[in-house]
Amino acid sequence: MGAATFCHPLDVIRVQMQTDGAYKNTFDAATKIYQRAGVVEGLYAGVSAAYLRQWMYGSFRIGIYAYLLEKTQLQNVANGKEKNDITFSQKLAMGCCSGGIGSFIGTPSELALVRMSGDSKLPPAERRNYSNVIDCIARIGKEEGVTKLWRGATPTVFRATLLSSAQLGVTSEIKGYLSESGWFGPNGAYFYGLPMMFCSTLCSSFVANIVANPFDVMKSRLQGMPVDANGKAMYSSMRDCFIKSVQSEGILVLWRGFTPAFLKLAPYTVISLTLADKLTRAVTGKDAL
């Protein structure tokens, strides 16, 4: 919840930049959103959806990864191998699995976040004016059908699979390397291991943002696109969204919103993964990553 609260304005800026080419840069987007709708209705629009997403997607993703990591470690010990003799490809596979499952479960909250974050940029007559995340999800289910709560699930799962694979796998790999290097004290224990976790999670968030941003753009566009009275939408699929976006705006459109996405992802990754790792260690005596 702490990470979601701190980083949410960057999420709003990211969504609006990815779905609207009217902004020159991150600062321009932040300024215009603030001028148009203020802090609460502008930069913090949809924060309740961010909390729900954190609870559904974030909790499942980290929990599944920690479970898979512990199972692999126990299997290594049972086979007479070193506990942490886990390859980088295995860690990436664990991240893919946990991210894919968590993101599919959390797609309704992700859809609500995109809808609520982008509502203020629409003309007043076209705004949906959701009061909170529960109202948003209930209205989508009632007005568009329950299955539409998973609109954009394909790019959402692809994005989360790549994002989690890079975030969790790269964090684990760098953490293991730094722990053995002695740069941060014996087993990386200098200052409770926080500097080591900061470096590990910061590097992983940059890698994750590079590989996941194209799917993030398509996800935002599919989930935020208007639907006419006949139910006809702007894009028919992820492939259609990709082709139309690249043809009309160029290949670099796939990395639109990269700066706010990274500025949001970096502290979010540092805070959430460090808290998850330290709380898991405090409660169970085992590492989460």
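## Overall fold

Among contacts in the chain (heavy atoms within 4.5 Å) between residues at least 6 apart in sequence, 72% join residues at least 24 apart. This is a predicted model, in which local features need pLDDT of at least 70 and side-chain atom pairs count only at pLDDT 80 or more, while totals for chains, interfaces and linings use all residues. Residues are numbered from 1 along each chain as its sequence is written, and side-chain values use heavy atoms, with hydrogens and water left out.

The chain holds ten helices and zero strands; these are DSSP runs numbered from the N terminus, helices being H or I of at least four residues and strands E of at least two. The C-alpha trace spans about 65 × 35 × 35 Å along its principal axes. Of the 289 residues, 50% count as buried, where buried means under 20% relative accessible area, exposed over 50% and partly exposed in between (1.4 Å probe, protein chains only).

## Nonpolar cores

A nonpolar core is a set of buried Ala, Val, Leu, Ile, Met, Phe, Trp, Tyr and Cys residues joined through side-chain atoms within 4.5 Å. The largest one has 15 residues, of which Ala49, Ala112, Val133, Cys136, Ile137 and Ile140 touch the most other members. Two or more residues of this core come from each of α4 (47–78), α5 (88–118) and α6 (133–144). Another core, of ten residues, lies apart from it and has Tyr65, Leu168, Met197 and Ala276 among its members.

Leaving aside residues up to four places away in sequence, valine 133 touches Ser48, Ala49, Leu52, Ala112 and Met116.

Threonine 171 lies in helix α7 (residues 153–181) and, at 0% relative accessibility, counts as buried. Not counting residues up to four places away in sequence, threonine 171 touches Ala166, Met197, Ser200, Thr201, Ser204, Leu273 and Leu289.

Helix α8 (residues 194–224) has 31 residues, yet its end C-alpha atoms are only 38 Å apart, short of the 45 Å that a straight helix would reach at 1.5 Å a residue. The expected span is 1.5 Å times one less than the number of residues. In α8 a kink of about 50 degrees lies at alanine 212, shortly before proline 214; the bend is the angle between axes fitted to the seven residues ending at a residue and the seven starting there.

## Cysteines

With a disulfide defined as a pair of cysteine sulfur atoms within 2.5 Å, the count is zero. The sulfur of cysteine 241 is 19 Å from the closest cysteine sulfur, in cysteine 136, and is therefore too far for a bond. Cysteine 241 is buried, at 0% relative accessibility.
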